[in-house]
Amino acid sequence: MSEIKIEKINAIWLQGQGCTGCTVSLTGATHPSLPDLLTGFLPQAAGVALVFHPTIMLPHGEEAINVLESGLKGKLDPFVLILEGAIPNEELAEKTGGYWCMVGENGEGKPLTLNYWVDKLSERAAAVVAVGTCACYGGIPHGKPNPTGSKGLLSYLGRNWRSKLNLPVICIPGCPAQGEHVAEVLAHLVLTARGFLPIPELDEFHRPKFIFKATAHENCPRAGFFAEGKYSEEFGEPYCMGLLGCKGPIVHCDVPKRGFVEGVGGCTTVGSICIGCTEPEFPDEPLSPFFKKAPPGVFVSETFGDIKGKLYALLHRLKSRKI
Ligand code: SF4
Ligand code: SF4
């Protein structure tokens, strides 16, 4: 990608089939925080304007829709298009004369669907970012039996789709997405657009590797108990929760180490199993049933890891030690 000097960058945040949890999560981010991004606290990432966000913007009604219209006319270039929530199949709804997901209406009072805005705005966007598992891969709305035919941006626009800055769809999954993951990736993209940082390296599911490379298991503070073969049999016990259904070994996420808000919380850290909310299959198999042990492959490697861990621990304890 060639170096592009950009002073001001607009952000258009659309909401589809979701619960607004990712927005709530972003407003709780602290390093960096949303105000850090919007007020220029981080000098090199300054100049970001959140011009459209259904939950936290001041304009409403026609005034709000006019913002999206100006995006279509190129008046907001360059802008990042951010989606929270999944995208339904409007052709299914049309069969009965309805619609699933509407964002405003046209001059004749006809509903303008989320799909309409995603189709049009993605053509002009400098980058497109999917926030939360619903927006990335379909998430809960996409879960079986998926009555609205919903999907995430990665399959809606396609893996080969590229933005004006030649970037593929960038996915920040999580249910909800961890707030600082979102703030960090947005800040990174601003720095990329200004030529300060390379394009973030993505994994096969378009997740930035600098966040999603390691598994929840590798990041888990209970992994020591796993290695020693000590398992919780009931919630509330402090050991590895593999037997209670934890899917950490097959899930990419740093939340158990990083916490959820300012280092606090974080699923396995606070006694909950990992249900794999950052994975494309979520909430279906192999991540569900949530309270069932992980699938056979993991079970086998877990058992070997288990035996190996117990052996190492035993040998270590048998070693004579000198002070
Ligand atoms: S299986 Fe779950 S609880 Fe056990 S160490 Fe791995 S991530 Fe932590
Ligand atoms: S640890 Fe598991 S359940 Fe918790 S946020 Fe990460 S992927 Fe989701």
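Helices here are DSSP runs of H or I with at least four residues, numbered from the N terminus. With that in hand, here are some exercises on this predicted model.

**Exercise 1. Find the place of Asn 146, describe its backbone, and decide whether it is buried or exposed.**

Step 1: Start with the location. Asn 146 sits in the loop between H7 and H8.

Step 2: Look at the backbone angle. Phi of Asn 146 is near 45°, a positive value in a residue other than glycine. As background, most residues other than glycine have a negative phi.

Step 3: Check the accessibility. The cut-off for buried is under 20% relative accessible area. Asn 146 has 17% relative accessibility, so it counts as buried.

**Exercise 2. Work out where His 206 lies and whether it is buried or exposed.**

Step 1: His 206 is in the loop between helix H9 (179-193) and helix H10 (209-212).

Step 2: Read the backbone. Phi of His 206 is near 65°, which is positive in a residue other than glycine.

Step 3: Turn to the accessible area. His 206 has a relative accessible area of 8%, so it is buried.

**Exercise 3. Describe the shell of ligand 1, then follow Arg 222 out of it.**

Step 1: List some of the neighbours. Residues around ligand 1 include His 217, Cys 220, Arg 222, Phe 226 and Cys 246.

Step 2: Sort the shell by class. It has 7 nonpolar, 2 polar and 1 charged residues.

Step 3: Locate Arg 222. Its place is the loop between H10 and helix H11 (223-227).

Step 4: Look for a charge partner. Arg 222 is buried yet has no salt bridge, and the nearest side chain of opposite charge, Glu 237, is 7.9 Å away. A salt bridge would need the charged atoms within 4 Å.

Step 5: Look for another partner. The Arg 222 side chain reaches the backbone oxygen of Thr 268 at 2.8 Å. Arg 222 also touches several residues, among them Ser 232, Tyr 239 and Gly 271.

Key. Residues are numbered from 1 along each chain as its sequence is written. Chains are lettered from A and ligands numbered from 1 in the order in which they are written. This is a predicted model: local features need pLDDT of at least 70, side-chain atom pairs count only at pLDDT 80 or more; totals for chains, interfaces and linings use all residues. Side-chain values use heavy atoms; hydrogens and water are left out. Helices (H or I, at least four residues) and strands (E, at least two) are DSSP runs, numbered from the N terminus. Buried means under 20% relative accessible area, exposed over 50%, partly exposed in between (1.4 Å probe, protein chains only). A residue is near a molecule or strand if one of its heavy atoms lies within 4 Å of it. Ala, Val, Leu, Ile, Met, Phe, Trp, Tyr, Cys and Pro count as nonpolar, Asp, Glu, Lys and Arg as charged, and the others, Gly among them, as polar. Lys and Arg count as positive and Asp and Glu as negative; His and the chain ends are not counted. A polar contact is a pair of N or O atoms within 3.5 Å; within protein, one must be able to donate a hydrogen and the other to accept it, and residues adjacent in sequence count only if both atoms are side-chain atoms. Contact means heavy atoms within 4.5 Å. Lists of a residue's contacts leave out its neighbours within four places in sequence.
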